[in-house]
Amino acid sequence: MTTTLIAPRPLDALDLPPDLDGRHGVNRANGRKQIIAADDLNAIRAWLARVVDTKTTFENYRKEAERLLLWSIVQLGKPLSSLTHEDLLAYRLFLGDPQPRSRWVSDGGRKFPRPDPRWRPFYGPLAVSSQRQAMVILNALFAWLVEAGYLAGNPLSLTRQRSRRQAPRITRYLERDLWQEVKVFIDGLPRDSDREQERYWRARWLFTLLYLGGLRISEVGGNTMGKFFCRRDNEGHERWWLEVLGKGDKV
């Protein structure tokens, strides 16, 4: 017996029949799972639980997973864990024109509360950029379910991926003549009073540290003199070192 769901309902209100819950999905993995979910709905909930503390991310992830699951069971009459590569290509087209409109699109494009019977998964056709973002999120969902041992494969992994062009490397530096001008200017600072001497030595120290160390202002401001240490280099000479935590948490 095959069950057909007429109207899409929010993820938290779904109670799927056995033939649509994914327990016997054709893409289910046979090995040991890393999650306890036995059906598609609970597998999606396990994936969403990772980002439940980040409201915007959670809502975006839930929205895309919810739309795909509902499309799969309502439009195709098959569980999410039985979707194929061809199904996902059809879904991408569906995002650009969700039909029938009365079933999928909110009346007047208005946003109704999720428990409201007038709630629908869409507010209108998705722009190309929104379609692309939806597929990125769904690819992350499928990849995670594969890694969790729930699915045998990711049907979106066969999609043609745009190769990312590496951004050209930008090198910023002061030419030797310009650096000499900076040093001359600092050496010309007044040093008559104690305050002026403090200003002079501070400027000389900071500019030398920034120039020779290639450090960001945040890296200088976030460290103290206690972070400097003396250690021999590869040639046996004692040198002073500063270990900083830079961009991307790289030391």
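Analyst: Axes here are lines fitted to C-alpha atoms, for helices over the stretch in contact, and angles run from 0 to 180 degrees between N-to-C directions. Two packed helices are described by the angle between their axes and the distance between the axes. The model is a predicted one.

First, the setting. The protein chain has 8 helices and 2 strands, and from the N terminus on the order of the elements is α-α-α-α-α-α-α-α-β-β. Of the 251 residues in the protein chain, 35% are buried. Among contacts with a separation of 6 or more, 54% are between residues 24 or more positions apart.

Helix α1 covers residues 40-48 and helix α2 covers residues 55-76; their axes lie 10 Å apart at an angle of about 160°. Angles over 145 degrees count as roughly antiparallel, so α1 is roughly antiparallel to α2. The crossing of these two helices, α1 and α2, is right-handed. On the α1 side the contact is made by L41, I44, W47 and L48, and on the α2 side by F58, Y61, R62, A65 and L69. By class, this contact of α1 with α2 comprises 8 nonpolar residues, no polar residues and 1 charged residue.

Helix α2 also packs with α5. The axes of α2 and α5 come within 9 Å and cross at roughly 85°; α2 and α5 are therefore roughly perpendicular to each other. From α2, the residues N60, Y61, E64, A65 and L68 meet A134, I137, L138, L141 and F142 of α5. The contact of α2 with α5 divides into 8 nonpolar, 1 polar and 1 charged residues. Y61 and A65 of α2 take part in the contact with α1, and Y61 and A65 are also listed in the contact with α5.

From α5 the account moves to N154, which is found in the loop between α5 (128-147) and α6 (176-187). N154 counts as buried because its relative accessibility is 14%, and the cut-off for buried is under 20%. The side chains of N154 and N139 are joined by a polar contact of 2.9 Å. Leaving aside neighbours within four places in sequence, N154 is in contact with N139, F142, A143 and V146. One of these, F142, is also among the α5 residues that meet α2.

Conventions:
Residues numbered from 1 in each chain as written. Predicted model: local features only at pLDDT ≥ 70, side-chain atom pairs only at ≥ 80, totals over all residues. Heavy atoms only, no water. Helix = DSSP H or I, 4+ residues; strand = E, 2+ residues; numbered from the N terminus. Buried < 20%, exposed > 50% of the residue type's maximum accessible area, 1.4 Å probe, protein only. Polar contact = N/O pair within 3.5 Å; in protein donor to acceptor, adjacent residues only side chain to side chain. Contact = heavy atoms within 4.5 Å. Parallel < 35°, antiparallel > 145°, perpendicular 65-115°, else oblique. Left-handed = near helix turned anticlockwise from the far one by under 90°. Nonpolar A, V, L, I, M, F, W, Y, C, P; charged D, E, K, R; others polar.
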